[in-house]
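Welcome to a short tour of one model. Keep your viewer open and follow along, selection by selection.

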Amino acid sequence: MEFQAIVELVKSRFPKTEAEYDKNLIIDKNDFFFFVEFIRESPELNCTVLDLLTASDHLPENQIHMIYGFQSYRHKHYVLVKVKLDRQKPAIGSLTKWWGIANWTEREVFDLYGVQFEGHPELRRILTPPDFVGHGLRKDYERPGFFVKKPDFK
Amino acid sequence: MSEQLTHSASKKAFRKDIPLIDQIPPRKKHILRGLPESELHVEEFLMNIGPQHPSTHGVLRLVVSMEGEVVKSCEPDLGYLHRTFEKISENRTYQQIVPFTDRMDYLGSMNANWGVAAAVEKLASIEVPERAEYIRVIVAELNRIASHLMWMGAFAADIGALTGFVYGFREREMILDMFEEICGSRLTYGYIRVGGVAEDVTPKFIQMVNDFLKILPDRVTDYHDLITGNVIFIERTRGIGAITLDEAISYDITGPMLRACGLPWDLRKEEPYSLYSKFDFNIPAYFNGDCYDRFRVRMDEIMEAAKIVRQALDGLPEGDYKVKKLARNIKPPVGDVYIRQEAPRGEYGVYMESDGSIKPNRVKYRTPSFTNLSILPLAARGWKIADLIAILGSVDIVLGDVDR
């Protein structure tokens, strides 16, 4: 399915949808769960594969963008979807009830960006150690000093 | 115990009145527990495999909960090789990113380089000369052959056939010699760069590839005789760790593991990038989704990749091998790009976001090893501990690719 047709189909169901760079869809956060159900179940789209799940930090706009890639093996099209979240308290629904892979990829995004996935069975760090402080891929993450600061004995 | 020994030793064993073996009363069971058999209960126990263990192919830790010898659950513990390549890439210029990708998938470095180079070229609208694309196809397919041969050896060693390891390295060595000829390095190439390749191919390289393609079919036939038809190998792999196509789709399995489940999905055929629409090759696929089918898919892919190398070598045009004038610091327009390519292990994707400066705002490597490994807890459940090693080997993970 061509991109323009996909945009028109999705816009007819979810009017808040926008297109970005002529290849991405931007979905409103409140519509997201219904949108995933629609893109997965509707016979025209039938995107049965969650191919990409990641995020990107936009410090000037104070946003974190969730990026999802949906692949349809039947119709051979690929839809890249973005959802804009508030940077202070990023939270979005978990896709683990539909896809098994979402378990690990959402843990990775939680680990590196601190996005809370509501409904995830075990949201814990996956790449960094469990006692790691902070979220490494955020733009304002500061690496702790290599040497431990000596106590002041005055 | 010592009394019994001395007592039996005092008897003369050759005398006729010593009882025969079948007349010896059966040994008491469960002496160590000291419990009658009715009160025995089976209890799960945890076993730790790795992170330093030869059969984990790197630094992977598995926490296996077992009941006897049967795996009840298996929890991979990742992150021992996490080197924050995505963060590093955000702080480098676009050309500087390329060498880091060697260190992620160090058995398919050419393919890893290619993904980033293609993403930057699409983002900045850089036209690549045709000769460079041909060279890219040749080295990427050669690297696929090397990766699969290496995997074949390592998988045979996992099963217990240590000799296979040496056989796999024999032809891989020839390919590494070719790469050494064109880029001077044997493991981390950095050969495919933004705007083309680093150096032009030499006549000696072409001669080496021709020699290699001549001997490869015989060698692969040897491997089929040695391994594919081997009864012990078949017993250890057929039906082991089988996953269905639905499970594979749910866990986003790609590459040879997906094709072993019955779906002949290959990005080189389905969404042809670069020059792959010009070449004639087949996509091998099998239906059982077990370790044996994964092995057969990869062995068939070696021959298909050799076919592509042959065609690309015959059609190699004259011309430039890289873009003549390329800015020192590329500044792509604001936008994003997602490139997907078929790496030896599966679908390799690079998501890149530009904010108009000389550094990318976000680089995401969607690596096949990470997603393919995520099905291990499901695939290993209910199999024995020796099968767990076979299943883990058949996934074909590279831990640098998993942890990034």
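Select H3(B) and H4(B): H3(B) passes H4(B) in a right-handed crossing (the near helix is turned clockwise from the far one by less than a right angle; left-handed would be anticlockwise). This is a predicted model, in which local features need pLDDT of at least 70 and side-chain atom pairs count only at pLDDT 80 or more, while totals for chains, interfaces and linings use all residues. Residues are numbered from 1 along each chain as its sequence is written, and chains are lettered from A and ligands numbered from 1 in the order in which they are written.

Helix H3 covers residues 94–102 of chain B and helix H4 residues 109–124 of chain B; their axes come within 8 Å and cross at roughly 160° (helices are DSSP runs of H or I, at least four residues, and strands are runs of E, at least two; axes are lines fitted to C-alpha atoms over the stretch in contact, with angles from 0 to 180 degrees between N-to-C directions). That angle makes H3(B) roughly antiparallel to H4(B) (over 145 degrees).

Now show the contact residues (C-beta atoms, placed from the backbone, within 7 Å). On H3(B), pick B:Tyr94, B:Ile97, B:Val98, B:Thr101 and B:Asp102; on H4(B), look for residues including B:Ala112, B:Val116 and B:Val120.

Next, the sheet. Chain B has an open sheet of 3 strands in the order S1-S4-S5, with antiparallel pairing (strands pair if DSSP finds at least two bridges between them). Select S1 (45–49) and S5 (70–77) of chain B to see the edge strands. Finally, zoom in on B:Val64, which stands opposite B:Cys74 in S5(B).

Technical notes. Angles under 35 degrees count as roughly parallel, over 145 as roughly antiparallel, 65 to 115 as roughly perpendicular and the rest as oblique. Two residues are in contact if their C-beta atoms, placed from the backbone, lie within 7 Å.
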